Amino acid sequence: MIRDITLGQYYPAGSILHKLDPRVKLLGTMIFLIAVFSYRGIPGLVCITVCLAALIKLSKVPFSYMVKGLRAIVVLLALTCVFNLFLTPGEVVFSFWKVTITKEGINLSFRMVLRLIYLILGTSLMTLTTTPNQLTDGLEQGLKPLNRIHIPVHELAMMMSIALRFIPILIEETDKIMKAQTARGANFDEGGLIQKAKSMVPLLVPLFISAFRRANDLALAMEARCYHGGEGRTKLHPLRYQTRDYVAYVLMLVFLAGVVALRFFSS
């Protein structure tokens, strides 16, 4: 399951999504998430599904690679489905002892699970087609007006970039520790859910030690290079909008308007 986490990883390809400005992709991801959590009815769901499928096709990222990231949240999806299925009041469809399934519970559990899946796929699509440096530059440029009220935008963007870089590093470190302990007789696959959770505890101490050591090495490297924040810093590749970025903005507005119109049409 550790190897299935794709968040924060970049998949190199020559697609049109890879070439878009990171500011466009950040705003597009926000619009997509708003649409996912605000749609109503089958027409809105079909519109969002078609849009997501088209973006995955344009990204040239294998669909199997993106779906692999869903394995890490199988437990969350299962809990979401169970709680909404059995704890939602409404028209009874099935009842046995204290277990009651309602029509509203089935609809709600289906919508919530689908929204979580689309949430993971949408955010993964952004990180898989955008390097951490591009994400940092895009976030910094997008939040630049907040500098006027003395919010440290550059430092916030830098922290996000470092966090994204650490995700695959810590995943790789966890995999190495698990292999080392497995070679010494540890077993992480047997037993129930509670037993598996207890078997993961010995991983935390060496993982935290490794994370703190890497963080300390990074801080020393930044100090050795005289890093003192974003004031007066320049960029080797400054962000500039291209024609395709303006076209993407127009398409995003059309998509958002379509979802909003379908929401009122379905009400």
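The model is predicted, so local features require pLDDT of at least 70 and side-chain atom pairs pLDDT 80 or more, while totals for chains, interfaces and linings use all residues. Residues are numbered from 1 along each chain as its sequence is written, and side-chain values use heavy atoms, with hydrogens and water left out.

**Whole chain.** Along the principal axes, the C-alpha atoms fill a box of roughly 70 × 55 × 40 Å. Of the 267 residues, 32% are buried (under 20% relative accessible area, with a 1.4 Å probe and protein chains only).

**Helices α7 and α8.** Next, select residues 132-142 (α7) and 153-183 (α8), which pack at about 155° with their axes 9 Å apart. The axes are lines fitted to C-alpha atoms over the stretch in contact, and the angle, on a scale from 0 to 180 degrees, is taken between N-to-C directions. That angle makes α7 roughly antiparallel to α8, a term for angles over 145 degrees. The crossing is right-handed: the near helix is turned clockwise from the far one by less than a right angle.

Show side chains at this contact (heavy atoms within 4.5 Å). From α7 come Pro132, Asn133, Leu135, Thr136, Leu139 and Glu140, and the α8 side includes Val153, His154, Ala157 and Met158. Within α7, the buried residues are Leu135, Thr136, Asp137, Gly138 and Glu140. Their cover includes α2, α6 and α8.

**Nonpolar core.** Now select Phe32, Ile48, Met66, Tyr118 and Phe255, the residues with the most contacts inside the largest nonpolar core, which has 29 residues. Such a core is a set of buried Ala, Val, Leu, Ile, Met, Phe, Trp, Tyr and Cys residues joined through side-chain atoms within 4.5 Å. Elements giving two or more residues to this core are α2 (22-36), α3 (41-59), α4 (63-67), α6 (103-128) and α11 (243-266). The largest share, seven residues, belongs to α6.

**Final stop.** Which residues is methionine 66 in contact with, leaving aside its neighbours within four places in sequence? Centre on Met66 to find Ile56, Val61, Leu121, Ser124, Leu125 and Leu128.

Technical notes: Helices (H or I, at least four residues) and strands (E, at least two) are DSSP runs, numbered from the N terminus. Angles under 35 degrees count as roughly parallel, over 145 as roughly antiparallel, 65 to 115 as roughly perpendicular and the rest as oblique. Buried means under 20% relative accessible area, exposed over 50%, partly exposed in between (1.4 Å probe, protein chains only).
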